[in-house]
Amino acid sequence: MTRLHAPTARELWHARVEDTPDAPFLLDDDGGAWTFQQADVEMRRMAAGLEAHGVVQGERVLVALPNSPQALFVHAALRELGAVLVPVVPGLTHDELAFQAAHCEARILIADEEAAALAEGPHGLPGRVETVIGGGRRAVATLEEAAGHAPLSQRALPGYDEQSPWVVFYTSGSTGRPKGVVLPAGSFVSAGMGYADRFEVGPDDNYILPTPMAHAVGGLTAQSIALRTGCRLTLVDRFSPSRFWGQVERAGATVTILFPAHLNLLLELEASGPARGETPLRQVITHQWIEPFRARFGIELGLCWGMTETGATSAGSPPGYDGSLGEGYVGPGMNGVEIGILSAEGARLPAGEVGEIALRHRHAMLEYLNDADATARVLTEGWVRSGDYGSLDERGHLFFRGRIKNMIKRSGENVSPEEVESALNRHELVAESLVLGIPDPLRTEEVAAVVVLRSGADLDAPALAAFAAQHLARWKSPRYLALQHTPLPRLANGKIDRSTIARALDLAACWDRERERAGAHR
């Protein structure tokens, strides 16, 4: 593997172009291809155009673009100028986009036609936005026009170093207003190093990116892996279970990062997928061991735990891990990462004890933008406190034990939704599930589960409840079950939209263990 040493994202780009200028770099699903040198020219043209339209070092710039080579050149051009990228998830409402625009105080919006029209809304551009580049009736230039300038010459940026802000990733906002996670320029380098080294990604690999570039996986991890290793990067517009395997085959893609939900969706369409061992995809990095996926497709699974707040650097399973260490296993910290387990009071806990997972790394988040109180709660004595439960074994390997903020309190007992979901998902007819805490006057909270059955599955709630009871303590087993065949709604980053599901849940229409028990005793 090529070893490049550079402190910031822009310097990593420079070093990679100098090291392997003619190596293939960027591919898209329409057959487009760019070497590192060709991509550098496109980036520098875009940087010159953005500078001509007012982008300056240190200012925050909103970018509302779907996955595309142009979007990647825009991201890289902003890094080259030392501006702070603020990527916007495709599909936001006007109010959501307006909140982010006002919150980050951006003057400039780079957007496609759809996002620009949405941003303009009924009352004009949101917040301080005064310049639009890309699409929409207020655009001062299209992206093609912005990229029509002579390439910007390479130059130093005074005062710009690995701790300078380079991106603000907004959290998904599944509860409350999104928070803007500010990451330093060095996090780009650390993420690429950590993932490439831990999962043995090399220059012969081809990373396929179907998740949005507006989130840390697409905007940080995937790009940094490619620049760190010199491997190819294949962009597709979005994740589609029906199109994914064809995209992998056409590109010759070998590695990717997907959410567990993506793997379950691919299993749902397994009849249309490749035979075991007949796909170029050799490894999927994900957050949960899904043995049916590995068994069906013969693809290695790499496990990781991390957050946007940790700068994507995290813990991950060693190469060749086979799933044998059980539920929740993740692995040791990546390069330069210290993992700790903290008590509620902030004390370091010994091996084997469960507490809050915390991470220390020199390139973790700088702050939550314009939110000093939230920053102080998460950043304590150099630790990023995750809001997740976990434990470390004697070797310092991490085990994930559930989310603190999602913990259900039932009759004085803590119930991890992830543990209940894991038990339900073991049933061969269950595709996925979501477990929620429901307020209850007697027990504080009751356990409810929304369960998606596999296509054609014939399974009723009492049978599933009996199955769950075989794997869970009585007080952990769901009282309420809602069975359906339609997939769970998701946020743009692929995560389940918990708040939408919670609002739509009708307890009167659910199977209710207590109601059935009362009926049986009449």
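Reader: Which residues of strand β13 point one way, and which point the other way?

Author: This is a predicted model, in which local features need pLDDT of at least 70, side-chain atom pairs count only at pLDDT 80 or more, and totals for chains, interfaces and linings use all residues. Residues are numbered from 1 along each chain as its sequence is written, and side-chain values use heavy atoms, with hydrogens and water left out. Strands (E, at least two residues) and helices (H or I, at least four) are DSSP runs numbered from the N terminus, and in a regular strand the side chains alternate between the two faces of the sheet. In β13 (residues 283-286) all four are buried (buried is under 20% relative accessible area, exposed over 50%, partly exposed in between, with a 1.4 Å probe and protein chains only); Gln 283 and Ile 285 point one way, Val 284 and Thr 286 the other.

Reader: How many bridges join β13 to strand β14?

Author: Two strands pair if DSSP finds at least two bridges between them. On one side, β13 runs parallel to strand β12 (residues 255-257) through three bridges, with Val 255 partnered by Gln 283. Strand β14 (residues 300-305) also runs parallel to β13, and there Thr 286 stands opposite Leu 303. The number of bridges joining β13 to β14 is four.

Reader: What is the handedness of the β-α-β crossover from β13 to β14?

Author: A crossover is right-handed if, with the strands pointing away from the viewer, the path from the first strand over the helix to the second runs clockwise. The unit of β12, helix α10 (residues 260-268) and β13 is right-handed. From β13 the chain passes through helix α11 (residues 291-297) to β14, and this crossover is right-handed.

Reader: How far apart are the closest N and O atoms of Glu 338 and Arg 360?

Author: A salt bridge is a side-chain nitrogen of Lys or Arg within 4 Å of a carboxyl oxygen of Asp or Glu, and the whole structure holds 30 of them. Glu 338 belongs to strand β17 (residues 338-342) and Arg 360 to strand β18 (residues 355-360), 22 residues apart. Glu 338 counts as partly exposed because its relative accessibility is 29%, and Arg 360 does so at 26%. The closest N and O atoms of this salt bridge are 3.1 Å apart.

Reader: At what angle do helices α2 and α3 pack?

Author: Two packed helices are described by the angle between their axes and the distance between the axes. Axes are lines fitted to C-alpha atoms, for helices over the stretch in contact, and angles run from 0 to 180 degrees between N-to-C directions. Helices α2 and α3 are roughly perpendicular (65 to 115 degrees; under 35 is roughly parallel, over 145 roughly antiparallel, the rest oblique). The axes of α2 (residues 36-52) and α3 (residues 69-81) are 8 Å apart, and the angle is about 65°.
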